[in-house]
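Open the model in your viewer and keep the selection tool ready. The tour goes from a pair of elements to single residues, then out to the whole chain.

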Amino acid sequence: MIEFIQGNIVEKNENYIVIEKGGIGFKVYVPYEIEDGKVYTKLVVREDGFFLYGFKNREDRDLFEQLTGITGIGVKHAFSILKRFTGGEVIQIIDEGDVQALMDVPGIGKKTAQRIIFELKGKLQFFENELLEDIVNALLSLGFEKKRCCMGCKRSSERN
């Protein structure tokens, strides 16, 4: 619904920021510190109100959506995970089935960690691929040449 908001951060708190855009102050709950004035958002409608959650990039937002889509995993759990780990680290933890790493997150017990891994294993691969693709495209735009991709496949020669 609201893909992102870009404006001036006029207030910072541990759990939220206020972004001013067009004379309107948007209160956006964030799991970590946001430095610039652009956040990718997720609007959540609950019985007690409308809540806007913000993230540094699309991948974190999409990961948040995947996490909160798991039965028993709410915003607090998802935020705790994203405060503790980067998106790439979460993908690695899930791919490796590292229950203990997730249990290090406050509020996440063994059964919850196992459920997260079970539900998301194999479903987050595209996050890595999108991020890798963005990095490769950025390097290409800076003038680097792409001789072969990291896996040695033929795709790299098709782009030159």
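**Stop 1: a helix pair**

Select residues 58-68, helix 1, and residues 75-84, helix 2: their axes come within 9 Å and cross at roughly 140 degrees. This is a predicted model. The cut-off for roughly antiparallel is over 145 degrees, and the crossing is roughly 140 degrees. Helix 1 and helix 2 are therefore oblique to each other. The crossing of helix 1 past helix 2 is right-handed.

Now show side chains at the contact. On helix 1, pick Asp60, Leu63, Phe64, Leu67 and Thr68. On helix 2, pick Val75, Ala78, Phe79, Ile81 and Leu82. Colour this set by residue class: eight are nonpolar, one is polar and one is charged.

**Stop 2: Leu67**

Stay on helix 1 and centre on Leu67. Is Leu67 buried or exposed? Its relative accessibility is 0%, so Leu67 counts as buried. The cut-off for buried is under 20% relative accessible area.

What does Leu67 touch beyond its neighbours within four places in sequence? Select Ile73, Ala78, Ile81, Ile116 and Leu120. Two of these, Ala78 and Ile81, also belong to the helix 2 side of the contact with helix 1.

Next, draw a distance from Leu67 to Phe79. Their C-alpha atoms are separated by 9.4 Å, and the two residues lie 12 apart along the chain.

**Stop 3: Asp98**

Move along to the loop between helix 3 (87-96) and helix 4 (99-103), where Asp98 is found. Asp98 has a relative accessible area of 28%, so it counts as partly exposed.

Show the contacts of Asp98. Setting aside residues up to four places away in sequence, Asp98 touches Ile93 and Ile117.

**Stop 4: the whole protein**

Zoom out and switch to cartoon. How many helices and strands are there? The protein has seven helices and six strands. Follow the chain from the N terminus and the order is β-β-β-β-β-β-α-α-α-α-α-α-α.

Of the 160 residues, 36% count as buried.

Take contacts between residues at least 6 apart in sequence: 41% of them join residues at least 24 apart.

Conventions. Residues numbered from 1 in each chain as written. Predicted model: local features only at pLDDT ≥ 70, side-chain atom pairs only at ≥ 80, totals over all residues. Heavy atoms only, no water. Axes fitted to C-alpha atoms, helices over the stretch in contact; angles between N-to-C directions. Helix = DSSP H or I, 4+ residues; strand = E, 2+ residues; numbered from the N terminus. Parallel < 35°, antiparallel > 145°, perpendicular 65-115°, else oblique. Left-handed = near helix turned anticlockwise from the far one by under 90°. Contact = heavy atoms within 4.5 Å. Nonpolar A, V, L, I, M, F, W, Y, C, P; charged D, E, K, R; others polar. Buried < 20%, exposed > 50% of the residue type's maximum accessible area, 1.4 Å probe, protein only.
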